Amino acid sequence: MWDVFFSYSRGDAERVRPLLEALRGAGLKVFTDEAGVAGFSGISRTIRTELARSYALLAFYSREYPEREACQWELTAAYLAGLGEGDPRARVMVVNPERGTGHIHPVELRDARHWPWPPPGGTGATGALVADVQAHLARLHAPMRLAGWDEARQDTALPRWLPDPRPTAAPRFLGRLPELWRVHSALHAHAAPLVTGSPAARAVQIRGLGGIGKSLLAREYAQRFGAAFPGGVCWLDASDERGYEAELRRLERRLDTRDLYRHFEAAGAPFLFVVDGLPGGLTLAQAAAFAAPHPLGRTLFTTRSRAYGALAAPVDLRPLDTEHAAELAGSPVLAVEAGGHPGALALLGDAVRAGQSARALVSRLYAPGDSLLDALGGGTQEPFTASLLRDALSAGDEAMDVLRCAVALSPLPLAEEDVATALAAADPVPSVVARRRTAVGLAELRVRSILSARSHEPARSHEPAQGPAEPDHFVPPSHTDGAVWHVHPVTAHAWRHHDPAPDRTEALRHAMLRTLHGASGHGHWRTATLRVSDDRRKARHMAGTTGDTPSESERMAAFDIQVELVTRIGVQELAPGTGSLREALASLHALFAFTRGTLREYSISLAESRAGGGAGSEGSGSSGDAPEPTAPTVQSLAHELLNGTLRPFLSTWHPRLSAYEAQRPDGSSPLDHEAAWQHAAELRAELAALRAPLHRIATALAAISGADFGLAEVG
């Protein structure tokens, strides 16, 4: 048996020698692997056996330590052994020879049993460190029991991989150690609540843009931490709904069951349920249906969507830092050109290792014609660049226009105001419409991980790849003050090869250049652009007043008025004996200012109402020469709302209620005084009768805006 399994990088052999001598000089039995281990997949049975015969692991956690896969396997095994006992730190001690602690993972180890090296104070301090190690060992009454340990074989058993055979370890897994431990800590937060502060298990989602390494991280986690899941690792591809259902059936056949819940209930062992490629656009209830079929399962999602913050704890992936990107690509130049994008770096790195020149590859990357990345990734059913844009091409016209603007500016950041200005210049729409389009497009791209509010430039070596924490919930870009947005260079490269409307891209590129030129101080360009745009808007608006199809401005104005109307007392019922009549009248009166302001914002004149009645108008005149019924417009509906419905009602009841309120005696509350009014019931009755015409107007507005909010079911 060993008191201490000493884990260190071979590059630190000279630095650890004094500590080893001090430990052995104190009578401790210390195991060290003098020969070293080649890599994660090459951990020898001897190392696993001797670790299982040790009471605790002492990690000499230098900056080189986390880069050694063998060291990470040893640390992970000891950490999981402690986790099985209720405290993941019970079997791990850390000596830190560096000045900072940011390189130590997981974060739970940074503050526990952590000694500096060399210790300040010389020989006496070294003795105190050894005494602390002895005191910690005294609290351990048996060697550590490794997760997945097989007593008969005296070795660790590999976890079952379901429904397919276990894949081989990734040949190059770089720069993701912090995220790897974050995944594990989040999945097992409930197992050590005093350490993590979380009493309940939670699903985890790995998020990021296409090709950033989400699936690779999930697979690597399942490989390295599989011993913590004796019930097996279930890996299912969720990118295709029918394919996912087929994989569930295959899993059932593999487990010889028709009820997965009962199977895992009977097995009684924790298992990992990996859902790879959870699609966007689902409700939280729909997304939750993909989770593990039993509480013993820990669910790990990978997804490009950022809309599921309430479903699972997020682990966001950014591009690789400069050092790891250069190692993966085999060239610092390629690391910069690919912006730290792991998918592109892996393809370029394979080409470099096959003998191709890095500079020649850079030249081909920007050459016209087919994408170099697609050529390097040949042999797959879907081109590499097309796979990156799967979400972008389904995001809608607003999102694709914003992406076009972002690509036109890349690598410069994109400001929301510049996009709106460019859209207003490129299309004959008012600036308020352009701003709405921009906000919608940014929201779509942000939630699909296509644009980022942070720079995608690779971080410096040894800096955390994660950066500042992202919010768990989606925040629309319009709610992010002063934000600038970035498109990754590999995404921009892919878009240039798959843009479905290059002519639209060229028009927006010109508009963006004019916008930047105007912003740079040459105001005559911006002024001329806006003047031309204003002329086109006026022409479009005048043309729109003679046809039956509402313009985009009219649809947006209808939506805004409709939203405001359906929340007011009138459409919303004021139950008998509740609320305030004065507040009800004030709420309805506020619609005058709001409606006029909305029409003014969208450049729609209340006096320019097209021929045609209000909600449900059928025209007028005799049957022989009656005009054709015309659809109501925003202008006609606004006129009917303000002048035909609200004005007669308010002009009657506002002065009557005001006159009565003026008679309120001292000491009487406004509500009590109002309740005693002899006409209160009559006003409530007429307020209730107002609900029908207001509902008809709201329904007619819905026909223009396209959003009915279930109004047809209310009436």
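Student: Which residue in strand 12 is the bridge partner of leucine 278?
Tutor: This is a predicted model, with residues numbered from 1 along each chain as its sequence is written. Local features need pLDDT of at least 70, side-chain atom pairs count only at pLDDT 80 or more, and totals for chains, interfaces and linings use all residues, while side-chain values use heavy atoms, leaving out hydrogens and water. Strand 11 and strand 12 (residues 297-303) pair in the parallel sense over seven bridges; pairing needs at least two bridges found by DSSP. In strand 12, the partner of leucine 278 is threonine 303.

Student: In strand 11, what is the bridge partner of aspartate 237?
Tutor: Strands here are DSSP runs of E with at least two residues, and helices are runs of H or I with at least four, numbered from the N terminus. Strand 10 (residues 233-237) runs parallel to strand 11, joined by five bridges. The partner of aspartate 237 in strand 11 is aspartate 276.

Student: Why is strand 11 called largely enclosed by the rest of the structure?
Tutor: Buried means under 20% relative accessible area, exposed over 50%, and partly exposed in between, with a 1.4 Å probe and protein chains only. Strand 11 covers residues 271-278. It is largely enclosed because its buried residues number seven of the eight.

Student: How many residues of helix 7 are buried?
Tutor: Helix 7 spans residues 214-224 and is largely enclosed by the rest of the structure. Among its buried residues are Lys214, Glu220 and Arg224.

Student: What is the handedness of the crossover from strand 3 to strand 4?
Tutor: Strand 3 (residues 54-60) runs parallel to strand 4 (residues 92-96), with four bridges between them. The chain passes from strand 3 through helix 3 (residues 69-84) to strand 4. With strands pointing away from the viewer, a clockwise path from the first strand over the helix to the second counts as right-handed. This β-α-β crossover is right-handed.

Student: In what order do the strands of the open three-stranded sheet lie?
Tutor: Strand 14 (414-415) and strand 15 (451-452) are the edges, each pairing on one side only. Strand 15 is antiparallel to strand 16 (residues 484-487), over two bridges. The order is 14-16-15.

Student: Which backbone nitrogen does the side chain of aspartate 499 reach, and at what distance?
Tutor: Aspartate 499 lies in the loop between helix 20 (489-498) and helix 21 (502-519). It counts as buried because its relative accessibility is 14%. Leaving aside neighbours within four places in sequence, aspartate 499 is in contact (heavy atoms within 4.5 Å) with Arg404 and Thr505. Its side chain reaches the backbone nitrogen of alanine 501 at 3.0 Å.

Key. A polar contact is a pair of N or O atoms within 3.5 Å; within protein, one must be able to donate a hydrogen and the other to accept it, and residues adjacent in sequence count only if both atoms are side-chain atoms.
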